Amino acid sequence: MVLEGFHAVKHAVRFGAELLGLWTADADELAALSARLAPDVVLSPTVVDLSALAAVVPRAQVVALARRPRQPDPDGILALPGPEPVVLLEAPRHLGNLGAVVRVAAAAGAAGVITTGTQDPWHADALRGSAGLHFALPVARSRVVRTGDRPLIALDPEGTVVGPGVIPPRALLAFGTERDGLTDELLAVADARVALPMRPGVSSLNLATAVSAVLYLGAAR
Ligand SMILES: C[S@@+](CC[C@H](N)C(=O)[O-])C[C@H]1O[C@@H](n2cnc3c(N)ncnc32)[C@H](O)[C@@H]1O
């Protein structure tokens, strides 16, 4: 996996990533950043002119390659024990959004993230969006929507406004694609269809913002 930027490298290493290489254009700046922001993380960079590495010059001054970790497949994520929810993204389009969802799922202590659709949730742009936090919880793509033993809770602006107890333990929290929302097929099999309240005239929240609100609402239950 390609990791770009100090925070992505820091989080990846902190959560167990095996780095295959780490390159920087400025060893002094990297050492200063490490000392200030992540003294717990030991980095051994190779200094290189990053513009010589690729036709497209990376924006970040730190770039690493990490081995993709072995993780549970989607059914294994669903089967994880404990009350923590799993986040299901139906065919997300924007990799930055996808990464932001992984980041908040890791921060809020979700059990994992499952995506459907064509986007690779481990794409470099998604890893940049998650600041490397893909390494902190299982993230996998599934061909089909399966629920395991988890209650399927559809997050939908047209749903019933979320209230206390609406999000049960072990929920599989489903969020729709950025433009069109959840599919009719998923809504038809959901155990509940829940909305975050919004001021009249506002049609929806950004995908990652909605995931964040629901996860922290659930955590505060
Ligand atoms: C940008 S929204 C999609 C908007 C789409 N036009 C719709 O009506 O669902 C992406 C996803 O975020 C979640 N979402 C956004 N706002 C929400 C709200 N107020 N309540 C519940 N879920 C919301 C839903 O899962 C939605 O499918």
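So, a salt bridge here is a side-chain nitrogen of Lys or Arg within 4 Å of a carboxyl oxygen of Asp or Glu. Glu4 and Arg128 meet that rule through their side chains, at 3.1 Å from N to O. Before I go on, some ground rules. This is a predicted model, where local features need pLDDT of at least 70 and side-chain atom pairs count only at pLDDT 80 or more, while totals for chains, interfaces and linings use all residues. Residues are numbered from 1 along each chain as its sequence is written, and side-chain values use heavy atoms, with hydrogens and water left out.

Okay, the overall layout. We've got domain 1, residues 2-66, and domain 2, residues 74-219, with bounds that come from an automatic or database domain assignment. Their centres, taken over C-alpha atoms, are separated by 30 Å. In the contact, meaning heavy atoms within 4.5 Å, domain 1 puts in 11 residues and domain 2 puts in 8 residues.

How much area do domain 1 and domain 2 bury between them? The size of an interface is often given as the accessible area lost when the parts come together. Here that's about 830 Å², and 65% of it sits on carbon and sulfur atoms; the figure is the accessible area, with a 1.4 Å probe, that the two parts lose on being put together, summed over both.

Between domain 1 and domain 2 the count is 1 salt bridge. There are also 2 residue pairs in polar contact across the interface, both at pLDDT 80 or more. The rule there is a pair of N or O atoms within 3.5 Å; within protein, one must be able to donate a hydrogen and the other to accept it, and residues adjacent in sequence count only if both atoms are side-chain atoms.

On the domain 1 side that touches domain 2, β1 (2-4) and α1 each supply at least two residues. The largest share comes from α1, with 4 residues. For anyone wondering about the labels, helices (H or I, at least four residues) and strands (E, at least two) are DSSP runs, numbered from the N terminus. By type, that side divides into 7 nonpolar, 2 polar and 2 charged residues. Nonpolar there covers Ala, Val, Leu, Ile, Met, Phe, Trp, Tyr, Cys and Pro; charged is Asp, Glu, Lys and Arg; the others, Gly among them, are polar.

Let's stay with α1 for a moment. Phe6, Ala8, Val9, Lys10, His11 and Ala12 are buried in that helix, where buried is under 20% relative accessible area, exposed is over 50%, and partly exposed is in between, with a 1.4 Å probe and protein chains only. What do the buried residues of α1 pack against? They pack against β1, β2 (19-24), α2 and β4 (62-66). After α1 comes Gly16, with a positive phi near 100°.

Back to charges: the structure holds 8 salt bridges in total. One of them pairs Arg14 with Asp40, with the closest N and O atoms 2.8 Å apart. Arg14 is in helix α1 (residues 6-14) and Asp40 is in the loop between α2 (27-37) and β3 (46-47), so this pair ties together parts 26 residues apart in sequence. Both ends are partly exposed, Arg14 at 36% and Asp40 at 49%.

Next, Asp75 and Arg146, whose closest N and O atoms are 3.0 Å apart. Asp75 sits in helix α3 (residues 74-78) and Arg146 in the loop between β7 (139-141) and β8 (152-161), so the pair links parts 71 residues apart in sequence.

Then there's Asp149 with Arg170, at 2.9 Å from N to O.

Last stop, strand β8, which is where Leu155 lies. Leu155 is buried, with a relative accessible area of 11%. Leaving aside neighbours within four places in sequence, Leu155 is in contact with Leu173, Ala174, Phe175, Leu182, Val194 and Val214. Leu155 and Arg193 are 38 residues apart in sequence, yet 6.0 Å apart in space, C-alpha to C-alpha.
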